[in-house]
Amino acid sequence: IENLVNKDVNVLPIMSYNAAATDTRFGEAHDFIKRIENLTGNKVIKTITEAEPIGPKSLTDILIVLPCTGNTLAKLANGIYDTPVTLAVKSHLRNQKPVLIGVSSNDSLSSSAKNIGALLNYKHYYFIPMSQDSPEKKPFSIVCNFEGTYEAMLLALKEKQIEPIIF
């Protein structure tokens, strides 16, 4: 988010229920929300009701799902829109605008692989380049190149997939 904001991108943050409410070893949810809102100058969207107007009001030019977990990949690939993030994608796609996916999942090369494959074949979906993050210790894990988000975004806005997808 900070990298995009530093490049003068207006970021409208959206968080899943879990990300917005769960404290983890990485920090407390309320601290993340406060930091994101301070960085972006925008209130975090945390409910389905708040996410619904994204499409009808054409609030976004591109929607970036980052990080995109295996659970979110599965929901998007199968048309399940029961979280603020997945409903935001559905609402955004009604305007036939690009969705950029930044995969970060320990099961990307196992049970989530089919969902990545499905989304690669769906119109308006694009991916941030990704690679295995620890092939020896986590052989099924994939993480996107977070630093490549801006370049992938610029191409997705032109309806082009950045290459290579796998590095």
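Me: Is Ser108 buried or exposed, and what is its relative accessible area?

Reply: This is a predicted model, and in it Ser108 has a relative accessible area of 1%; because buried means under 20%, Ser108 counts as buried. Its place is in the loop between β2 and α7.

Me: Which residues does Ser108 touch, not counting residues up to four places away in sequence?

Reply: Ser108 touches Val103, Ala113, Ile116, Phe140 and Ile142, with residues up to four places away in sequence not counted.

Me: What do nonpolar side chains tend to do in soluble globular proteins?

Reply: In soluble globular proteins, such side chains tend to be buried together. In this model the largest nonpolar core has 35 residues, and those with the most contacts inside it are Val65, Val89, Ile101, Val103, Tyr125, Phe127 and Met130. The elements that each give two or more residues to this core are β1, α5, α6, β2, α7, β3, β5 and α8. Apart from this core lies another one, of five residues, among them Met15, Ala20, Ile36 and Val44.

Me: If I pick Ile101 and leave aside its neighbours within four places in sequence, which residues is it in contact with?

Reply: Ile101 is then in contact with Val65, Cys68, Leu73, Leu76, Tyr125, Tyr126, Phe127 and Ile128.

Me: How should I read two helices that pack together, and at what angle do the axes of α5 and α6 cross?

Reply: A helix pair can be described by its axes, its handedness and its contacts. The axes of α5 (residues 70–77) and α6 (residues 84–93) come within 10 Å and cross at roughly 35 degrees, and the crossing is right-handed. On the side of α5, Thr72, Lys75 and Leu76 take part, and they meet Val85, Thr86 and Val89 in α6. The residues of this contact divide into three nonpolar, two polar and one charged.

Me: Why do residues three or four places apart in an α-helix point the same way?

Reply: An α-helix has 3.6 residues a turn, so residues with that spacing point the same way. With that in mind, you can look at Thr72, Lys75 and Leu76 in α5, which meet residues of α6. Thr72 is buried, with a relative accessible area of 15%, and, not counting residues up to four places away in sequence, it touches Val65, Val85 and Thr86.

Me: How many residues of α6 are buried?

Reply: Nine of the ten residues of α6 are buried, so this helix is largely enclosed by the rest of the structure. The buried ones are Pro84, Val85, Thr86, Leu87, Ala88, Val89, Ser91, His92 and Leu93, and they pack against α2, α4, β1, α5, β2 and β3.

Me: How far apart are Asn115 and Asn71 in sequence and in space?

Reply: Asn115 and Asn71 are 44 residues apart in sequence and 9.7 Å apart in space, C-alpha to C-alpha. Asn115 lies in helix α7 (residues 113–120) and is buried, with a relative accessible area of 7%. Leaving aside its neighbours within four places in sequence, Asn115 is in contact with Leu73, Ala74, Ala77 and Asn78.

Me: Is Asn10 buried or exposed?

Reply: Asn10 is exposed, with a relative accessible area of 66%, and it is found in the loop between α1 and α2. The side chains of Asn10 and Asn42 are joined by a polar contact of 3.0 Å. The C-alpha atoms of Asn10 and Thr60, which are 50 residues apart along the chain, are separated by 9.3 Å.

Me: What is the phi of His124?

Reply: His124 has a positive phi of about 75 degrees although it is not a glycine. His124 is in the loop between α7 and β3 and is buried, with a relative accessible area of 12%. Glu159, likewise not a glycine, has a positive phi of about 60 degrees, but Glu159 counts as exposed at 53% relative accessibility.

Technical notes: Residues are numbered from 1 along each chain as its sequence is written. This is a predicted model: local features need pLDDT of at least 70, side-chain atom pairs count only at pLDDT 80 or more; totals for chains, interfaces and linings use all residues. Side-chain values use heavy atoms; hydrogens and water are left out. Axes are lines fitted to C-alpha atoms, for helices over the stretch in contact, and angles run from 0 to 180 degrees between N-to-C directions. Helices (H or I, at least four residues) and strands (E, at least two) are DSSP runs, numbered from the N terminus. A crossing is left-handed if the near helix is turned anticlockwise from the far one by less than a right angle, and right-handed if clockwise. Contact means heavy atoms within 4.5 Å. Ala, Val, Leu, Ile, Met, Phe, Trp, Tyr, Cys and Pro count as nonpolar, Asp, Glu, Lys and Arg as charged, and the others, Gly among them, as polar. Buried means under 20% relative accessible area, exposed over 50%, partly exposed in between (1.4 Å probe, protein chains only). A nonpolar core is a set of buried Ala, Val, Leu, Ile, Met, Phe, Trp, Tyr and Cys residues joined through side-chain atoms within 4.5 Å. A polar contact is a pair of N or O atoms within 3.5 Å; within protein, one must be able to donate a hydrogen and the other to accept it, and residues adjacent in sequence count only if both atoms are side-chain atoms.
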